Structures are given as structure tokens and as C-alpha cells.
Amino acid sequence: MASYRYERDIDPKDLAPRKERQYTRKEKWANWWDYNLKWVILIGIAVAFVAYNFIGQYFFVPKPDYNIAVVAPYYLPDDTVTALQTALARYGEDRNGDGKVLVTLNVYTLDYSDEDPQTESAAYLTMAGTTKLATDVQGGLSSIFLLYDPAGFEDNTGTLRYLDGSLPAPDSDDDWWNMVYKWTDCPVLAGLDLGEYRADTTHAQGGDSQQYLSDFYIGMRGAWNTATAENLAGGEELWQALTAGAVSTLREG
């Protein structure tokens with residue numbers, strides 16, 4: 001119990017509950033803004049970022065009419081990729097009606113011949129390349145493949161078809177040589193004016209893009225289904241245009 005000497009100086013008015021202040025609507029809004037300004041800014045930035053990416057992806061970023069996969073143990077020179085995309089577009093059509101023909105090269109870095117123990121960074125790159133290529137194959141993104149190692153590619157994916165258009169049996173991976181043309185076997189491809197590529201972060205020296213691609217092969221996807229038909233539409237026509245006049249010089253073994 002409190003001592004009398006503390007209670008005797010208390011004014012009864014001090015014991016009366018204070019009347020709660022009534023804020024105006026303007027004052028309430030000002031207080032709320034002061035306390036929540038940072039969250040409003042953060043949420044606004046997040047919404048703007050999502051909206052920018054959504055709008056940019058679906059309305060401003062050109063959508064390719066054709067997708068071609070490139071599978072090689074190393075990155076292609078940027079200049080070669082750009083020149084090849086431009087050159088190949090001349091053999092396609094404006095399939096999505098945006099007023100331009102766009103061919104996109106989807107480059108996957110995989111070395112099927114590397115059987116030695118890999119460093120951590122090399123193993124990561126292999127895993128990333130395998131995952132991206134698997135997504136392409138399963139999702140039916142690319143209809144044509146430019147391959148550095150067609151034997152390794154077919155052995156790992158079983159994706160290619162025969163040059164006559166027929167589908168191979170499940171155990172026909174060794175027939176890869178009958179599923180691809182060498183780049184130099186195709187007059188259209190070998191005759192493309194691709195110019196020179198400059199040295200970049202992955203290539204110490206520049207060189208001739210045609211010579212660079214002369215070690216590649218071209219094959220056509222054979223794993224078609226109704227779920228991927230829309231993505232792959234037009235691939236057959238482009239394949240026929242790029243391989244017109246081609247005669248395979250590959251032989252078994």
C-alpha cells in the first residue's frame with residue numbers, strides 16, 4: 001500500500017483518464033504515411049520490377065520464329081552467333097506476324113567426350129548444360145540441331161531422326177551418321193557469308209566463322225508429339241531450305 005506522504009500531494013485531476021485525442025483524417029493519413037513509407041516504396045519497386053519484366057518479355061522482346069540448338073564443348077564466338085542468326089533468317093518466314101524473321105540459336109555447352117574426373121567448376125558447367133538441353137528437348141523448343149559431337153548427342157538424347165525423315169528404333173543410336181549432314185555437305189550452309197569473328201572472353205584469337213563451323217553437323221529433331229507441335233511448327237520447312245542439295249559424305253564407322 002502506498003504511503004500517505006506520496007498520496008497527499010496527488011491532484012484528483014491527475015487520476016482522471018486522459019481524453020483520447022481525435023485525429024483528423026488528414027493527420028491519420030500523414031501518420032500512416034510516416035510509418036509505412038519505406039514499405040510502400042519497397043512494394044512499389046517490386047511491383048514495377050515484375051511489371052517491367054512481364055511487359056518487356058511479352059510485348060517488347062521479339063519472339064523467335066525458329067529455334068535452333070547448338071551443342072558444343074565450348075562457347076561459340078558472339079560474332080559467329082550473330083552472323084549465323086542473321087544469315088539463317090533469310091531462309092525462314094515471319095511465322096508470328098511481327099513483321100520480321102528471327103532465328104535464335106540456343107547454345108548448350110557440353111563435352112560428351114570428357115570422361116576424366118572434372119573440376120568442380122567444370123562439373124557445374126556440365127550439369128547446367130545438361131539441364132538446359134534436357135529442358136529444350138523435353139519442351140520441344142528447338143527443331144534443328146547444330147552438333148559438334150552428333151554421336152555423343154544421339155547417344156545421350158535419342159532425339160534425331162534419319163535423313164529420309166523416318167524415326168529410328170530405340171536401339172539405333174549407332175546410326176547417328178545416317179541422321180546428320182556435315183556442315184560442309186550442305187551447299188546452303190557452306191555458302192553463307194558469316195564474316196570474321198573477333199577475339200573475346202572465350203576465344204583468344206579471332207578467325208573465319210565459316211571455317212569455325214566446318215567441324216559441325218546438322219540434324220533434324222525426330223521426337224515430335226502433339227504437346228510440342230506448336231513450338232516446332234515451321235522447323236521442317238527451314239530444315240529443307242538449309243539442307244537443299246546436300247549429299248552426305250558420312251559413312252558407317
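Gln-210 touches Trp-183, Leu-189, Ala-190, Gly-191, Leu-192 and Leu-194, leaving aside residues up to four places away in sequence; contact here means heavy atoms within 4.5 Å. The model is predicted: local features need pLDDT of at least 70, side-chain atom pairs count only at pLDDT 80 or more, and totals for chains, interfaces and linings use all residues. Residues are numbered from 1 along each chain as its sequence is written, and side-chain values use heavy atoms, with hydrogens and water left out.

**Gln-210**

- Gln-210 lies in helix 8 (residues 209-213); helices (H or I, at least four residues) and strands (E, at least two) are DSSP runs, numbered from the N terminus.
- Gln-210 has a relative accessible area of 15% and is buried, where buried means under 20% relative accessible area, exposed over 50%, and partly exposed in between (1.4 Å probe, protein chains only).
- The Gln-210 side chain reaches the backbone oxygen of Ala-190 at 3.3 Å.
- A polar contact is a pair of N or O atoms within 3.5 Å; within protein, one must be able to donate a hydrogen and the other to accept it, and residues adjacent in sequence count only if both atoms are side-chain atoms.

- Strand 1 (residues 66-72) is mostly covered, with 7 of its 7 residues buried.
- Tyr-66, Ile-68, Val-70 and Ala-72 point one way from strand 1, while Asn-67, Ala-69 and Val-71 point the other way.
- Strand 1 pairs in the parallel sense with strand 2 (residues 103-109) over 7 bridges; two strands pair if DSSP finds at least two bridges between them.
- The bridge partner of Tyr-66 in strand 2 is Val-103.
- Strand 3 (residues 144-147) runs parallel to strand 1 and is joined to strand 1 by 4 bridges.
- Phe-145 in strand 3 is the bridge partner of Ala-69.
- A right-handed β-α-β unit is made by strand 1, helix 4 (residues 78-89) and strand 2; right-handed means that, with the strands pointing away from the viewer, the path from the first strand over the helix to the second runs clockwise.

**Aromatic pairs**

- The structure holds 7 aromatic pairs; rings of Phe, Tyr and Trp (its six-membered ring) pair if their centres lie within 6.5 Å, and planes under 30 degrees apart count as stacked, over 60 as edge-to-face and the rest as tilted.
- The ring centres of Tyr-74 and Tyr-212 are 6.0 Å apart and the planes are at 75°, so this pair is edge-to-face.
- Because Tyr-74 lies in the loop between strand 1 and helix 4 and Tyr-212 in helix 8, the pair ties together parts that are 138 residues apart in sequence.
- Tyr-74 is partly exposed at a relative accessible area of 28%, whereas Tyr-212 is buried at 13%.
- Trp-176 and Tyr-217 are also edge-to-face, because their ring centres are 6.2 Å apart and their planes are at 85°.
- Tyr-74, Tyr-148, Tyr-197, Tyr-212 and Phe-216 form one aromatic cluster.

**Whole protein**

- The protein has 10 helices and 7 strands.
- Of the 253 residues in the protein, 32% are buried.
- Among contacts with a separation of 6 or more, 72% are between residues 24 or more positions apart.
- Mean pLDDT, the predictor's confidence in each residue from 0 to 100, is 80 for the protein, and 68% of the residues reach 70 or more.
- Confidence is lowest in helix 1 (residues 4-7), at a mean of 50, and highest in helix 7 (residues 187-190), at 98.
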